[in-house]
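Biologist: I have a structure open and would like to go through it with you. Can we start with the strands?

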Amino acid sequence: MDAVDLSKRQAEYHLLDVREDDEWRAGHIEGAQHIPLGELGQRLGELPEATTIVAVCRSGARSGVAVRGLRQLGFAAENLDGGLASWARAGLELVDIAGGRGRVI
């Protein structure tokens with residue numbers, strides 16, 4: 001899924017950020033849920049079953065792994081193409097853990 005398209009239709013999806021804690025603290029898409037990829041299997045019950053999940057990481061690689069696993073378990077899931085790096089390149093806003101301007105690390 002393209003970053004600009006996602007930004008325009010964000011309310012239609014559940015955003016799932018699968019990066020590590022330090023990456024999340026530095027910057028994330030406001031409203032996204034944070035579950036590091038390594039914890040995802042144990043926290044599946046926290047995910048919505050009736051909404052398409054868009055998985056997010058820095059480049060799209062880890063979130064791609066998450067999407068494949070989620071689909072195998074019956075979730076509707078998509079990947080943010082190019083990850084948060086593409087989101088930031090498109091000039092879209094990120095927030096840090098304190099609510100200030102975020103950055104991709």
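**Strands, helices and salt bridges**

Modeller: In S2, Gln33 is the bridge partner of Leu16. Keep in mind that this is a predicted model.

Biologist: How do S1 and S2 pair, and over how many bridges?

Modeller: S1 and strand S2, which covers residues 33–34, pair in the parallel sense over two bridges. Between them the chain crosses from S1 through helix H2 (residues 21–26) to S2, and this β-α-β crossover is right-handed.

Biologist: Which strand does S1 join through four bridges?

Modeller: That is strand S3, residues 53–56. S1 spans residues 14–17, and S1 and S3 run parallel. Within this pairing, Asp17 stands opposite Val56 in S3.

Biologist: What about the side chains of S3, which way do they point?

Modeller: Ile53 and Ala55 point one way from S3, while Val54 and Val56 point the other way. All four of these residues are buried.

Biologist: How many bridges join S3 to S4?

Modeller: Three, and S3 and S4 run parallel. S3, H3 and S4 together make a right-handed β-α-β unit.

Biologist: Let's move to H3, then. How many residues does H3 have, and how far does H3 reach?

Modeller: H3 has twelve residues and reaches 17 Å from its first C-alpha to its last. That is close to the 16 Å expected at 1.5 Å a residue.

Biologist: Which residues of H3 are buried?

Modeller: Ser63, Gly64, Ala66, Val67 and Leu70 are the buried ones. Looking down the axis of H3, these buried residues fall within an arc of 160 degrees, so they line one face of the helix.

Biologist: And which residues are exposed on the other side of H3?

Modeller: On that side, Ala61, Arg68 and Gln72 are exposed.

Biologist: What covers the buried residues of H3?

Modeller: The cover includes S1, S3 and strand S4, which is 77–79.

Biologist: Changing topic: how many salt bridges does the structure hold?

Modeller: Six. One of them is between the side chains of Arg19 and Asp17, at 2.8 Å from N to O.

Biologist: Are Arg19 and Asp17 buried or exposed?

Modeller: Arg19 is buried, with a relative accessible area of 0%. Asp17 counts as buried too, at 1% relative accessibility. The cut-off for buried is under 20% relative accessible area.

Biologist: Which residue does Arg62 form a salt bridge with?

Modeller: Arg62 forms a salt bridge with Glu23, and the closest N and O atoms are 2.9 Å apart. Arg62 lies in helix H3 (residues 61–72) and Glu23 in helix H2, so the pair ties together parts that are 39 residues apart in sequence.

Biologist: How accessible are Arg62 and Glu23?

Modeller: Arg62 is partly exposed, with a relative accessible area of 25%. Glu23 counts as buried, at 8% relative accessibility.

Biologist: What is the salt bridge partner of Glu78?

Modeller: Glu78 pairs with Arg71, with the closest N and O atoms 3.4 Å apart. Glu78 is partly exposed at a relative accessible area of 32%, and Arg71 is partly exposed at 45%.

Biologist: Which residues are linked in a network of salt bridges?

Modeller: Glu39, Arg43 and Glu46 are linked that way.

Biologist: Last topic. Where is the place of Ser86?

Modeller: Ser86 is in helix H4, which covers residues 83–89.

Biologist: Is Ser86 buried or exposed?

Modeller: Ser86 counts as buried, at 13% relative accessibility.

Biologist: What does Ser86 touch, not counting residues up to four places away in sequence?

Modeller: With those left out, Ser86 touches Ala3 and Asp81.

Definitions and conventions: Residues numbered from 1 in each chain as written. Predicted model: local features only at pLDDT ≥ 70, side-chain atom pairs only at ≥ 80, totals over all residues. Heavy atoms only, no water. Pairing = 2+ DSSP bridges. Right-handed = clockwise from strand over helix to strand, strands pointing away. Salt bridge = Lys/Arg side-chain N within 4 Å of Asp/Glu carboxyl O. Buried < 20%, exposed > 50% of the residue type's maximum accessible area, 1.4 Å probe, protein only. Expected span 1.5 Å × (residues − 1). Arc of directions from axis to C-beta. Contact = heavy atoms within 4.5 Å.
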